[in-house]
Amino acid sequence: MSEREPVTGPGAQGTATHCPYCALQCAMWLRTDDTGRPTVAPRDFPTNQGGLCRKGWTAAELLAPGRRLTTPLVRRAPGGELEEAGWDEALARVVAGVREIQRGSGRDAVAVFGGGGLTNEKAYLLGKFARVTLGTANIDYNGRFCMSSAAAAGLRAFGLDRGLPFPLSDVGRADALLLVGANPAETMPPFVRHLDAARAAGGALVVVDPRRTATAARADLHLRPAPGTDLALANGLLHIAVAEGLVDEAYVAERTEGFTAVREAVATYWPEHVERITGVPVADQYRAVRLLAGAGRALVLTARGAEQHRNGTDTVSAFVNLALALGLPGREGSGYGCLTGQGNGQGGREHGQKADQLPGYRRIDDPRARAHVAGVWGVPADSLPGPGLSAYELLGSLGTAGGPRGLLLFGSNPVVSAPHAGLVERRLRGLDLLVVADPVLSETAALADVVLPTAQWAEEDGTMTNLEGRVIRRRRAFAPPAGVRTDLWVISELSRRLGRPTGFPDSAPEVFAELGRAAAGGPADYSGITYDRIDAEGGVFWPSPEGAAPAGGSPRLFLDAFAHPDGRARFVAVHHTPPAEEPDERYPLHLTTGRIMQHYQSGAQTRRVPELAAAVRGPHVEIHPDLAARHGIAAGDRVRLVSRRGSTEAAARLTSAVPPDTLFMPFHWGGRQRVNSVVGDALDPVSRMPEFKVSAVRLERVG
């Protein structure tokens, strides 16, 4: 079989699958052209409606020879170069290293780090591998950096976390939409079709963002709070709703608990006070509330801009409080939702690769959950380790006294994506064993002792759970190159060599069937979902218990009751707190970070696609023209950003899209262009999400 031979019935149009990038999971066809080169074509699906962004259109370029790893690499001498090796040598090195570390330092001395782009099958088997084969408590994943604050807020408000508890099509029918800290016009462009449909039907779009983004430019009303003040704004909007008599008192009485404490908490957030904190004009505050309260169908959506703060969970809770007070959640066509970012950011946080979690969104410290999952796995419940360290805390502990001495990493590039990235890089370099499984030689893989080349999205079967909670199929269209293995095969083979010859299949359908049994009865119940159902129904929304779920699963949650035992949602009283770092004389500016249209996450994939790399060859720093003039900076000049942790460099882009005291820089590059070298590591006390969105920096012109 050739490297590019189709292996699933492609039909006339090709193999039906989904994009390898964001949580929108746009549908596409994969096929080969007359020269045998893989190509992509859009496929109609409820989320993308036949659209693709530039990344999706060029996704097949990732499969080209020369842009990926095709043989294992081993560092045979300390400080030496990575050299090509066979699979037997590479795996033997991993097994010997794991055994030596655990023999000398205990089970938890070997850690596992996963990713929000892994399929459900991989996330599930990786969590099982960590807890059963390795017996370590130390497993977490990069989704902790992306969606964890909204997840925590959703759990305490509704008793359940599913990013969108309604289908995305509801966005296109909304009469009013409050979009907080999201820029889908760049990060998931086909999503904008739904926004445009709502506006074309007369719906109003309110965007909350310090920057005038491509999404904010579409808005009927753009609220521009100072970085780190979203919570104060949300409390101020709820204050107005109370004062204006716009609270849905009947809904609050019938379906919620805790409003009295919240009403008291927001009493001090009068509009003029909120304007002094946030910079958002009083008139705009009133207009936003009246648009939402006056709409027949209204939605409140949050994303990373609201979450990636040391008070991110409380910030999301403040916007949930607003939605609850207006009677939105659990009402068809209305509600609160979170826009999940990574491709499997939803499914990746449901099935066990989080430090505190077992499959089915069960808590690892719940005795009944432990007993159920242990029964499926065929091990004693008391053999399962307890909760481990969260992602950044895990990375920060590597190689330290009492911390893990070895790390097995799948589907992540923390050398670029982690906060305080210089420290994380030093921790990784100090390990006794670093193993990276990845299709490409990322910045993190380049530091490894062993690199295992793994198959890409189009070369293996599996399922993803998109931002709506819809479980969908990725289908194998091509065989991987010789010398490349799937992540499932790697986990299975390592388990066998480490003394677990059974219980770790490398067949995606077999793993998914076991995942369903492990998830049965849990909050994220997949037990009624099969590959055949997904194919027949165009995806299945969870929860979908075996024998009890209608066709399509559960697209809308909370219509009759919320997931708390009494069926009521919970208001949570929260208060504004400033960012961990505020500007001072030495570091007088705010820095915020984010994504741009042409690149994705750490850029390990997109920087290898020629068209995308040529479109944006490096990062830029958005600088207000007045600030640039004070520093003698012209467009295109090389500038340096310096914080208490380090520095980074990029080209200056002069724009009034950012406030005069705020800088913006995308995070898709490493080396001297790595913005996360300067980003702080303050953590949310509930979600343990780092504060990516606000750091104090100074601006310098380079030479």
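## The largest pocket

By class, the residues lining the largest pocket of this predicted model comprise nine nonpolar, seven polar and 10 charged. The space inside the largest pocket comes to about 550 Å³. Its lining is made of 26 residues, and those closest to the centre are L155, D356, Y361, R362 and R363.

Which elements each supply at least two residues of this lining? They are α4 (148-158), β15 (362-363) and α14 (367-377). Helix α4 gives the largest share of the lining, with five residues.

## The second largest pocket

Next comes the second largest pocket, which holds about 260 Å³ of space. Of its 14 lining residues, R75, G79, R429, L447 and D449 are the closest to the centre. Sorted by class, the lining of the second largest pocket has seven nonpolar, two polar and five charged residues.

If you like to picture how such spaces are found, rolling a probe the size of a water molecule over the atoms shows where empty space is left.

## Helix α19 and its contact with α3

Now to the helix packing. Two packed helices are described by the angle between their axes and the distance between the axes. Helix α3 (residues 120-134) packs with helix α19 (residues 508-519) at an angle of about 65°, and their axes lie 9 Å apart. Angles of 65 to 115 degrees count as roughly perpendicular, and α3 and α19 are therefore roughly perpendicular to each other. The crossing of α3 past α19 is left-handed.

Which residues make this contact? From α3 come N120, E121, Y124, L125 and K128, while α19 brings A508, V511, F512, E514, L515 and A518. In the contact of α3 with α19, seven residues are nonpolar, one is polar and three are charged.

## Helix α19 and its contact with α14

Helix α19 also packs with α14, at an angle of about 150° and with 9 Å between the axes. Angles over 145 degrees count as roughly antiparallel, so α14 and α19 are roughly antiparallel to each other. Here α14 passes α19 in a right-handed crossing.

On the α14 side, the contact is made by H372, V373, V376 and W377, and on the α19 side by E514, R517 and A518. The contact of α14 with α19 is made up of four nonpolar, one polar and two charged residues.

## Helices α10 and α11

Another helix pair is α10 (residues 271-278) and α11 (residues 282-293), which pack at an angle of about 110° with their axes 9 Å apart. That angle makes α10 roughly perpendicular to α11. The crossing of α10 past α11 is right-handed.

Which residues of α10 and α11 meet? P271, E272, V274 and E275 in α10 are in contact with V282, Q285 and Y286 in α11. By class, this contact of α10 with α11 counts four nonpolar, one polar and two charged residues.

Two spots in the backbone deserve a look. Most residues other than glycine have a negative phi, and most peptide bonds are trans. Is the peptide bond from W542 to P543 cis or trans? The bond from W542 to P543 is cis, with omega near 0°. P543 sits in the loop between β21 (540-541) and β22 (569-570).

The other spot is H420, a residue other than glycine with a positive phi, near 45°. You will find H420 in the loop between α16 (414-417) and α17 (421-429).

How values were computed
Residues numbered from 1 in each chain as written. Predicted model: local features only at pLDDT ≥ 70, side-chain atom pairs only at ≥ 80, totals over all residues. Heavy atoms only, no water. 1 Å grid on protein atoms, 1.4 Å probe; cavity = no way out; pocket = protein on both sides within 12 Å on 5 of 7 lines; lining within 4 Å. Points joined across faces, edges and corners; volume = space filled by probe spheres on them. Helix = DSSP H or I, 4+ residues; strand = E, 2+ residues; numbered from the N terminus. Nonpolar A, V, L, I, M, F, W, Y, C, P; charged D, E, K, R; others polar. Axes fitted to C-alpha atoms, helices over the stretch in contact; angles between N-to-C directions. Parallel < 35°, antiparallel > 145°, perpendicular 65-115°, else oblique. Left-handed = near helix turned anticlockwise from the far one by under 90°. Contact = heavy atoms within 4.5 Å.
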